[in-house]
Amino acid sequence: MITSYAPTAMHGANTHDIRQEVARLRRLATLLDAAFRIPGTKARWGLDTLIGLLPVGGTAIMLVPSLYIVWKSWHLGVGRPVLVRMTGNIMVEAAADLVPVLGDVFDTAFKANLRNVALLEQHFGLTVPRTP
């Protein structure tokens, strides 16, 4: 008998466990999207941009950690609408990455992984509203 597994929350997870997992995913997303600063600017880039410079293969390689963030979000109990948005962010970035050079520039600016962690934080109410 095949049953689907769709957790409503991390097994036995309390708020502290969820906060720790989200913080860990935030660190991963920062490494992927904003670990390094471009000297003389406020612009940041990460391993996703660096590895993404490899034609086609770089994009395929970087899909793995991006999809890992979505998978962990699903495991934490994030709902389908948020997961669809997260997957859409990854698809937009991956499609843009197929265009040489311009795709890498887009990737540096778009930062799908940080966007996805922000959606995860928002889902759990872990974000602080920004003030103008």
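Predicted model: local features only at pLDDT ≥ 70, side-chain atom pairs only at ≥ 80, totals over all residues.

**Stop 1: two helices side by side**

Select helix 3 (residues 57-75) and helix 6 (112-123). Their axes are 10 Å apart and cross at an angle of about 10°, which makes helix 3 roughly parallel to helix 6 (angles under 35 degrees count as roughly parallel, over 145 as roughly antiparallel, 65 to 115 as roughly perpendicular and the rest as oblique). The axes here are lines fitted to C-alpha atoms over the stretch in contact, and the angle runs from 0 to 180 degrees between N-to-C directions. Helices are DSSP runs of H or I with at least four residues, strands are E runs of at least two, and both are numbered from the N terminus.

Now show side chains at the contact (heavy atoms within 4.5 Å). From helix 3 you want Ser 66, Ile 69, Val 70 and Ser 73, and they meet Asn 113, Asn 116, Val 117 and Leu 120 of helix 6. The residues of this contact split into 4 nonpolar, 4 polar and no charged.

Residues are numbered from 1 along each chain as its sequence is written, and side-chain values use heavy atoms, with hydrogens and water left out.

**Stop 2: zoom out**

Show the whole chain as a cartoon. You'll find 6 helices and 2 strands, running α-β-β-α-α-α-α-α from the N terminus on. Of the 132 residues, 37% are buried (buried means under 20% relative accessible area, exposed over 50%, partly exposed in between, with a 1.4 Å probe and protein chains only). Among contacts with a separation of 6 or more, 60% come from residues 24 or more positions apart.

**Stop 3: along helix 3**

The expected span is 1.5 Å times one less than the number of residues.

Where does helix 3 kink? Center on Leu 63: a kink of about 25° lies there, shortly before the proline Pro 65. The bend is the angle between axes fitted to the seven residues ending at a residue and the seven starting there.

Next, color the buried residues of helix 3, including Met 62, Pro 65, Ile 69, Lys 72 and His 75. The buried residues of this helix pack against helix 1 (15-33), helix 2 (47-52), helix 4 (80-97) and helix 6. Past the end, stop at Gly 77, which follows helix 3 and has a positive phi near 100°.

Gly 57 is partly exposed at 30% relative accessible area.

**Stop 4: helix 4 and Asn 89**

Select helix 4. Its 18 residues should span 26 Å, and the end C-alpha atoms are 25 Å apart, which agrees. Buried residues here include Leu 83, Met 86, Ile 90 and Glu 93, and what covers the buried set includes helix 2, helix 3, helix 5 (102-110) and helix 6.

Pick Asn 89: buried or exposed? Asn 89 is buried, at 14%. Leaving out residues up to four places away in sequence, Asn 89 touches Phe 110, Ala 112, Arg 115, Asn 116 and Leu 119.

Hop across to Arg 115, found in helix 6 and partly exposed at 39%. Its C-alpha lies 7.6 Å from that of Asn 89.

**Stop 5: two loops**

Finish with two positive phi values outside glycine. Val 101, in the loop between helix 4 and helix 5, has phi near 65° and is exposed at 60%. Lys 111, in the loop between helix 5 and helix 6, has phi of about 55° and is buried at 17%.

Conventions:
Nonpolar A, V, L, I, M, F, W, Y, C, P; charged D, E, K, R; others polar.
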